[in-house]
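Q: Please take a close look at one part of this model and describe how the pieces there pack together.

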Amino acid sequence: MSNKQARPVQAERIPLKARRVSFAWEDTPLHWVPGDPFTTHTINVLHLLLPAGERWFVHVYRQALPLIRDDRLREDVIGFIGQEAMHSQAHDEVLPHLREQGLDPTPYTAQVDWFFEKLLGDRTLPPGRARRWWLLERIALIAAIEHYTAFLGDWVLNAAELDRRGADPTMLDLLRWHGAEEVEHRSVAFDLFVHVDGDYRRRVRTWALAFAALMFLWQRGARFFMAHDPTLVDGKASFRAFHRSGRRGTLPATGALLKSIPRYLSRTYHPSQEGSTAQAVAYLASSPAALAAEKAERDA
């Protein structure tokens, strides 16, 4: 049973390009949301999850390219691959800064690497249906994960409370540059899934796996950071703290996160119903890192 009812709400498509950004971290404090280590470390989990996850996206999509029969979609997927590779690199470059501040994430990143490279990695399968099934499962998983990266991208573009609390501008630019590109390419993963398969049962099954894995890995990462923060005594992370931060606006609201579930599971869902391309493009036109990358490209 394929999801033939999914439809975009508007024809807003722009060419996707990788912006070769770079960030300087020497002036970013350990708690880059002042006085709020929990929010800081909950968001910091992105730096641990995303490098391995987005490398995995790129690996899977390179295998999917031969299945694409639509030139426009192929162009979008190639643009997506370029952006995701840059995201992985940008977040990876935060890790040495964390180590310098007494937070070595290696024990946690080793678990994340195992999850993406071993559990969800390539398997020795015979050519034919089994190998195609595993590729389709992973394409569907990426579509589900991208629903949440777009959700987070839309949230951080609108998270004015972080500005009001004096969050570090360099970290905000990294998060908003990344978030804007997630909104910009939010339809690609789902469109690819529909193009190569679109089975609704697979969409529901892989959403359940993706949601459970993301929640597990995220809370585990937040607890790891809070427990190993050298400035905290008995630092702890909890869902209650997450809910409180969501109500304050420094993290996504629990209610908004829960409401995103039925939207993805609706048979009429399409990612273009989420977020605003215009807002994403406007941020990318003003992002210090994106502007610097554009200038460097012009001058090269």
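This is a predicted model: local features need pLDDT of at least 70, side-chain atom pairs count only at pLDDT 80 or more; totals for chains, interfaces and linings use all residues.

**Helix 8 and its neighbours**

A: The crossing of helix 5 and helix 8 is left-handed. Helix 5 covers residues 129-157 and helix 8 covers residues 188-196; their axes come within 8 Å and cross at roughly 150°. Angles over 145 degrees count as roughly antiparallel, so helix 5 is roughly antiparallel to helix 8. On the helix 5 side, the residues that meet helix 8 are Arg132, Leu136, Ile139, Ala140, Ile142, Ala143 and Glu146. Helix 8 contributes Ala189, Phe190, Leu192, Phe193 and Val196. Sorted by class, this contact has 10 nonpolar and 2 charged residues, and no polar ones.

Helix 8 also packs with helix 2, residues 71-92, at an angle of about 135°, with the axes 10 Å apart. Helix 2 and helix 8 are therefore oblique to each other. Their crossing is left-handed. Leu73, Asp76, Val77 and Phe80 of helix 2 make the contact with Val188, Asp191, Leu192 and His195 of helix 8. The residues of this contact divide into 5 nonpolar, 1 polar and 2 charged.

Helix 5 has a part in the largest pocket as well: helix 5 is among the helices that each supply at least two residues of its lining. That pocket has a volume of about 840 Å³. Of the 40 residues lining the largest pocket, Leu152, Met215, Trp218, Phe242 and Pro252 lie nearest its centre. By class, the lining has 27 nonpolar, 11 polar and 2 charged residues.

Definitions and conventions:
Residues are numbered from 1 along each chain as its sequence is written. Side-chain values use heavy atoms; hydrogens and water are left out. Axes are lines fitted to C-alpha atoms, for helices over the stretch in contact, and angles run from 0 to 180 degrees between N-to-C directions. Helices (H or I, at least four residues) and strands (E, at least two) are DSSP runs, numbered from the N terminus. Angles under 35 degrees count as roughly parallel, over 145 as roughly antiparallel, 65 to 115 as roughly perpendicular and the rest as oblique. A crossing is left-handed if the near helix is turned anticlockwise from the far one by less than a right angle, and right-handed if clockwise. Contact means heavy atoms within 4.5 Å. Ala, Val, Leu, Ile, Met, Phe, Trp, Tyr, Cys and Pro count as nonpolar, Asp, Glu, Lys and Arg as charged, and the others, Gly among them, as polar. On a 1 Å grid over the protein atoms alone, a cavity is a set of points where a 1.4 Å probe fits but cannot get out, and a pocket is an open set with protein on both sides within 12 Å along at least five of seven lines; lining residues have an atom within 4 Å of a point. Grid points are joined across faces, edges and corners, and a volume is the space filled by probe spheres set on the points.
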